[in-house]
Amino acid sequence: MSTTLTNTLAWKSLGKHFNEMKDVQMKSLFVEDGNRGNRFKLKENGIYFDYSKHRITDETLTLLFNLAKERGVEERGNAMFLGEKINTTENRAVLHTALRAPKGSTILVDGRNIVPDVHAVLDKMADFSNKIRSGEWKGFTGKRIKNIINIGIGGSDLGPVMAYEALKYFSARNLVFRFVSNVDGSDFAEAVQGLDADETLFIISSKTFTTLETMANAQTARNWALSYLKDPSAVARHFVAVSTNEKEVTKFGIDPQNIFGFWDWVGGRYSMSAAIGLSTMIAIGSEHYHSMLKGLHEMDEHFRTAPFEKNIPVIMGLLGLWYNNFFGAQTQAVFPYDKYLHRFPAYLQQLTMESNGKSVTLDGVTTDYQTGVVYWGEPGTNGQHSFYQLIHQGTKLIPTDFIGFKKSLNNLPPHQDYLIANMIAQGEALAFGKTADEVRTEGVQEQLVAHKVFEGNRPSSTFFLDQMSPENLGKLVAMYEHAVFVQGVIWGINPYDQMGVELGKVLAQNIIPELQDTSKAINHDSSTNALIDFYRK
């Protein structure tokens, strides 16, 4: 791994191959190989993965697989699954995969099998969730809990929000779920609008129980609840915690029995299947939650055991690297053609960009190549009427992932046919476009021909699953998790720390008292001083 990436034989071979491929048209690739659409696809683990609409050949894939082998993707993956401390900057194992390991499995961390610990927490979550869902758990005044508000930020919010929205069809509709993350007071104010404190449960999700935004919102929630309930002992019936800091949680007034723990080998953005998923389990129930874990585990096993040529996350990660590092693409679009997945791109933004947004290798050397890709997206078909214009006819190359399901959870003919027809058509249009001659045959006036030409040759992948379900959501999440890992290994960076988020938070702690006390001297740069002064006035 110490060899500089750009000096490896595989990288140099890819660079030479890129010069041969950069002007090749996808249209010609399909003409030369009438069976391309069947050859460049995988049907694995309940997912139909079509990657034929990419600017690749068999040789491209061979060279990309050689790069993955040369950079030790398989060996590094095995080390992760075995619990070795591959997060070297923090000296930690990386074992989100253990969160969905079946009972009876053995995964050792410092000589201890952690799987029983994982299932002890899952059982505790299930017991608590069942009590909320059945009405057995009562609030301080004896009323049933009807409202659940998750307070967290980053991985303690994005995962639960995305999972709740994705699986809303399976949720208990007699319960209200809301999520507070932003330290902007409006976020909290709107979340409790119309709710009664004696029917509301807050889940405070913070590993350290010290995160500024989360604890500010938690304290506001406590004040809001007690302004009605009056008695501080009521906190124990209306607040639970997902945390590892029992001392601070208890000081807050939460019963230690209602602390749901997790471990330092789980990164925040990989924690939606840890106790951070408590709100998800309350929403969909333990059985559906375990179906989601099953989907996650099935994709883990696919990634761990499938050869590169049949490995969905490996191919995904390599294709993303091909465009990022050789074609110079800056972004990756993800368009789910399912309304329930409307928060999935936002979830992927943290997963991918907080993981691989690094410019220093594991050896502490600044990279001489691009790393993390900018992820973004919105659900189809909405995006077709906003930003697809730029993807089709703009000057940016934007590789695109389409995600669709054969069947809708809500059977309202002909909606699903219209939806999926649009998804398939967009991939076709991006790949093959429309030439000037084709435009002319439609009788378009010559002065408008250039405006109606579609260049094509724009790459996309299509992921087709049977139907939105907890199990399939698990598969999709793990699929992207492992694709991120593949890229991180090849780039030689650590996808499992996030030191880049710290500096701004530290500086904010210095500025807060300067905003609150106008007599305090300020001594920053001239721009920062002026902004503080403007706010004070």
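**Pockets and cavities in the predicted model**

In this predicted model, the element that contributes the largest share of the lining of the second largest pocket is α16, which supplies six residues. The space in this second largest pocket comes to about 590 Å³, and among the 22 residues that line the second largest pocket, those closest to its centre are Ser-408, Asn-410, His-415, Gln-416 and Leu-419. Two elements give two or more residues to this lining, namely the strand β12, which spans residues 400-407, and the helix α16, which spans residues 415-432. When the lining of the second largest pocket is sorted by residue class, eight residues are nonpolar, nine are polar and five are charged.

The largest pocket has a volume of about 790 Å³, and its lining is made up of 35 residues, of which Thr-211, Gly-268, Glu-354, Gln-498 and Lys-505 lie nearest the centre. In the lining of the largest pocket, 16 residues are polar, whereas 10 are nonpolar and nine are charged.

The largest cavity has a volume of about 130 Å³, and of the 15 residues that line the largest cavity, Met-316, Leu-319, Gly-320, Gln-332 and Asp-401 are the closest to its centre. The elements that give two or more residues to this lining are the helix α13 (312-327), the strand β13 (460-467) and the helix α19 (470-491), and the largest share, five residues, comes from α13. By class, the lining of the largest cavity holds eight nonpolar residues, six polar residues and one charged residue.

The second largest cavity contains about 70 Å³ of space, and it is lined by 10 residues, of which Arg-76, Leu-362, Val-489, Ile-493 and Pro-495 are the closest to its centre. The lining of the second largest cavity divides into eight nonpolar residues, one polar residue and one charged residue. Arg-76, which is listed among the residues closest to the centre of this cavity, belongs to the charged class, whereas Leu-362, Val-489, Ile-493 and Pro-495, which are listed with Arg-76, belong to the nonpolar class.

Conventions
Residues are numbered from 1 along each chain as its sequence is written. This is a predicted model: local features need pLDDT of at least 70, side-chain atom pairs count only at pLDDT 80 or more; totals for chains, interfaces and linings use all residues. Side-chain values use heavy atoms; hydrogens and water are left out. On a 1 Å grid over the protein atoms alone, a cavity is a set of points where a 1.4 Å probe fits but cannot get out, and a pocket is an open set with protein on both sides within 12 Å along at least five of seven lines; lining residues have an atom within 4 Å of a point. Grid points are joined across faces, edges and corners, and a volume is the space filled by probe spheres set on the points. Helices (H or I, at least four residues) and strands (E, at least two) are DSSP runs, numbered from the N terminus.
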